[in-house]
Amino acid sequence: MNLQSEGIKSEISTAFSATISLSANFYSKESLLKAAYWLSNRAVVHVPESDDEKFTVLIKLKQTTPTLDNPKQQNIEELVDEFCNSIIDFELRHKVEIETAQVRQIILAKAFSESGVLEEEPPGSILDPVEQSNPSNLIKIANGPQK
Amino acid sequence: MPRQFYPVEHFSVAQAEYKLLPFKFLKLSADREILVNEVGEFILAPVGTAQRVIRRQLDRSSELFSTLKAKQFLTDSSSSALLDLLATKYRTKHHFLEGFTKLHIVVVTLRCDHSCHYCQVSRQTADKQTYDMSPEVAEKSVDLIMQSPSPHITLELQGGEPLLAFDVIQHIVPYAKKRADSLGKELDIVVTTNLANATDEMLCYLRDEGIKVSTSLDGPAFIHNANRPRPGNNSYELTIENIQRARTIVGYDRVAALMTTTQLSLDHPKEIIDEYVKQGFHSIFLRPLSPYGFALKTKRKTGYQLDNFLEFYRTGLAHILELNRKGYDLEEVYTKILLTKILTPYGTGFVDLQSPAGAGISVLVYNYDGDIYATDESRMLAEMGDHTFRLGNVMTSSFKDVFTGEPFLNLVSASCNQSLCGCSDCAFQLYCGADPIFNHATQGDVFGHRPSSGFCHRNMEVIKHLFELISTEDSQIMRIFLAWVQTCRLKDLNMRAPS
């Protein structure tokens, strides 16, 4: 069986294994590894090859017969679906993380600035970057005293 | 110089490109997801909302867009990111870190008259010399405790059964009070006891010294006595009689009870809760059994699948809500801790569910022999021969030794869920915590493996369940929850539940 969605192609190889091909234009290695991590209690995930254009991911179920501890046999198709959905979510999270990394550092630096625990000045401006990055030839709110 | 102002176009919503502020998201069900920002404010929305927010596909005139802006998930040119406000909220959520270690548990003896099969540490022996804390160790422990920067110290005296070593208590209490006084620190003292050996004289002493009592009540007689064997098999009868006596002498509100969940408890959530109501308690903690020590060894007797515990918790919570509806104020402690993080700007000082983890940072344990452990669970591991979290000994270690030593550094390397694999992207990160000692005990390393972690599974399911309840159309549930987080009686709740 083959499935195809945005930048993802998957192929169920056997009842216990599948191959997924991911476009590197759509997905990052970070997202791939994070999605793989959440399968790691149920499957072994290999990433045998990657180049500038695509990643190849092999998924193999750890458990191939029901056991007393785990009476419900995992279905490979369900696992592939879960992986594909999960990597889309992780890619979105990755985007938020990159886009907000600086502002997050500023929030934390401001939050802890009174505690005296910072060993070095945080990167970026401690002042509100939104007002600052709003180019305008009009009067701007005066900056507070620089540290 | 004439003042100038932004032109009208500057405020045009249509032109505004918005910027994201840090947030996380998680699918809760087939059709709903949750978005949580950096300071714990949340939005419940249809699946796909986060994607639309991130891909800039939002309708700028929608209510959702305004809500996202108001709750600081994004900012556009007509609004300021108000980073100072976010920073203040962030600091408020992490206020529990101020002052460093506040809870100090002193094990005054290992001796106990009970032989509970899940207890890891107690010894049934009359050997006072070997298993009681010596006056020197007691004083050195207090000296170290008082070096904590916190202006407010809680001293918890436990065992074994601490009342079997009442002379140690009588030595440590005045010494600790004198030291706290001289340093201008406030001091709360709690004694954790099964009360079986409590004489009137002992209870009068606790009353006179302002010491609170925390005791154990596992449910009705058939559960309590099965969980807590002692000579005569009368633990329940003794406990009930002694709770009444302790309330009369020490003070009604100064006696609290905690329960331990075992396999037997799991089938009887309602009976256990009803027992707490029968005994006039207004608080109950549906605790899971800790996976340590003898509890780990006697798994067949006490062990159970986590899903069974979750079922127990959900049924219990439903019953507690029903009791509240009928007019009896009863709060479930774990739920209250989570709700405080979810519904209020504050964090909690609950050491088992915080990031950085409470171990060492918020709690320290001083064993009868002077050994210092990061948590009570670390002490239990040590009793099984695993000394990973032994941070020092009061007779030989300085405050600096304890907090700069290898065991503590090893512990804190895995103490922040913000940087743990699987947690770093989790929408529940701020509501949850890290538990490196649980990870070490159950999975063999302090970092742990989230996909197979009992800690992760339990907290994910409990928090998801609470969001189901929060978003239910039954507004009475939200009123009960608000009363819990405001620590007031439901009838005194002077606030309309959010629609």
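Me: How many of the residues of chain A count as buried?

Reply: A residue is buried if 20 or more other C-beta atoms lie within 10 Å of its own. In this predicted model, 22% of the 147 residues of chain A count as buried.

Me: Which pattern does chain A follow along the sequence?

Reply: One reads the helices and strands from the N terminus. Chain A has 3 helices and 5 strands, and their pattern is β-β-β-α-β-β-α-α.

Me: Which elements of chain A give two or more residues to the side that touches chain B?

Reply: One begins with the contact itself, which takes 26 residues from chain A and 29 residues from chain B. On the side of chain A, the elements giving two or more residues are helix 1 (29-37), helix 2 (76-112) and helix 3 (129-132). Helix 2 of chain A gives the most, with 14 residues. By type, the residues of this side of chain A divide into 13 nonpolar, 5 polar and 8 charged.

Me: Which residues are buried in helix 7 of chain B, and why are they on the same side?

Reply: Helix 7 of chain B spans residues 200-208, and its buried residues are Met202(B), Leu203(B) and Leu206(B). They are on the same side of the helix because they cover an arc of only 95° around the axis. On the other side, Asp200(B), Glu201(B), Cys204(B) and Asp208(B) are exposed.

Me: Against what do the buried residues of helix 7 of chain B pack?

Reply: They pack against helix 6 (166-183), strand 8 (186-192), strand 9 (212-216) and helix 9 (235-250) of chain B. Just after helix 7 of chain B, Gly210(B) takes a positive phi of about 70°.

Methods. Residues numbered from 1 in each chain as written. Chains lettered and ligands numbered in written order. Predicted model: local features only at pLDDT ≥ 70, side-chain atom pairs only at ≥ 80, totals over all residues. Buried ≥ 20, exposed ≤ 12 C-beta atoms within 10 Å, placed from the backbone. Helix = DSSP H or I, 4+ residues; strand = E, 2+ residues; numbered from the N terminus. Arc of directions from axis to C-beta. Contact = placed C-beta atoms within 7 Å. Nonpolar A, V, L, I, M, F, W, Y, C, P; charged D, E, K, R; others polar.
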